[in-house]
Amino acid sequence: MTEAEWKRANRAAWDELVGIHLAPGGYDLADLRAGAGRLNAIEEAELGPVAGLRVLHLQCHFGRDSLILAQRGAEVTGLDFSPPAIAAARDLAAELGLAGRARFVEADLYDAQTAIPEPASFDLVYITWGAIIWLSDIRRWAKIVASFLKPGGRLYLAEAHPAALVLDDLTPAADGMPGFYTPYFASAPFAYEMTHDYMNEAAELRNTRQYSWIHPLGEVVTGLLDAGLRLDWLHEHDAVAWRMFRCLREDEAGLFRWPDKRWLPLSFSLSATRSGA
Ligand SMILES: C[S@@+](CC[C@H](N)C(=O)[O-])C[C@H]1O[C@@H](n2cnc3c(N)ncnc32)[C@H](O)[C@@H]1O
């Protein structure tokens, strides 16, 4: 499996998902269109005010969260490698009258410094849910993130927990819990057969094969420290923002949890600040 092959497969899958996520059964954009978009409960509790901040939203998909942050007074740059995602984000920004506060850049994450030649100019780098799992080199990612932050600027990251990513619904246990799928410590990407979309289970997918990585928590944190960031906090959650496994139950806040016990962490979030302010 070459880099060109896994990247092509992942891009095709994400290009296809844009249309599914914008169609009925996909993302609910009613609050955003009404002028008061809401992030998931975890980010709402942790992120804090963004008004007046220059925000870089990496792997922004079709810009829903970018535009929520713009609605709150941030000046946002969103980046994603999917052309239909960026086209949809620009259309949505124009529709909402937010084009002056939200711009969108089509580029691979690893080309971000060329696509956005604005080093050390952002107050906040914002990355959430299903982002770093598509990236092959976490130490390089951490350096790129750090390079965009002003001294005193910070990264907010919320992501699937790597300990949960070793599990999968393709090999379920007898009690309906997900089975063991792939090792925690693996350097190669693992191939994943996407049987259903995480937002719209009824959608039929043409591009089902994806390739992703498990980045152990220690490697993520150490990569950020080595890139010059200071860890402010690290939270592990027994909830996640989407139905990661079929057995998860949605709670009243819209998060997904194990059915009857806390079992393993499902997600983590962290804040890390660039020193030198
Ligand atoms: C699960 S989505 C992120 C979801 C987003 N946080 C949201 O809630 O809408 C993952 C995004 O990563 C993008 N992506 C995957 N690999 C990428 C890469 N190498 N460079 C840039 N974007 C990438 C995909 O196009 C997709 O939009």
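Visitor: What covers the buried residues of helix H1?

Guide: Among the elements that do so are helix H5 (83-95) and strand E9 (209-212). Keep in mind that this is a predicted model.

Visitor: Which residues of H1 are called buried?

Guide: They are Trp6, Asn10, Ala13, Trp14, Leu17, Val18 and His21. The label applies when 20 or more other C-beta atoms lie within 10 Å of a residue's own.

Visitor: What puts them on the same side of H1?

Guide: Their arc around the axis is only 155°, which places them on the same side of the helix. In general, an α-helix has 3.6 residues a turn, so residues three or four places apart point the same way. On the other side of H1, you will find Ala4 and Glu5 exposed.

Visitor: How do you know that the span of H1 agrees with what it should be?

Guide: With 1.5 Å a residue, 20 residues should span 28 Å, and the end C-alpha atoms of H1 are 29 Å apart, so the two agree.

Visitor: Which helices supply at least two residues of the shell around the ligand?

Guide: Helix H1 (3-22) and helix H4 (64-71) each do. The shell has 17 residues, the closest being Trp14, Gln59, Phe81, Gly130 and Trp134. Sorted by class, seven are nonpolar, six polar and four charged.

Visitor: Why is strand E5 called largely enclosed?

Guide: Nine of its 12 residues (149-160) are buried, so the rest of the structure largely encloses E5. Strand E4 (residues 122-128) runs parallel to E5, joined by six bridges. Phe122 has Leu149 of E5 as its bridge partner.

Conventions: Residues numbered from 1 in each chain as written. Predicted model: local features only at pLDDT ≥ 70, side-chain atom pairs only at ≥ 80, totals over all residues. Near = placed C-beta within 6 Å. Helix = DSSP H or I, 4+ residues; strand = E, 2+ residues; numbered from the N terminus. Nonpolar A, V, L, I, M, F, W, Y, C, P; charged D, E, K, R; others polar. Expected span 1.5 Å × (residues − 1). Arc of directions from axis to C-beta. Contact = placed C-beta atoms within 7 Å. Pairing = 2+ DSSP bridges.
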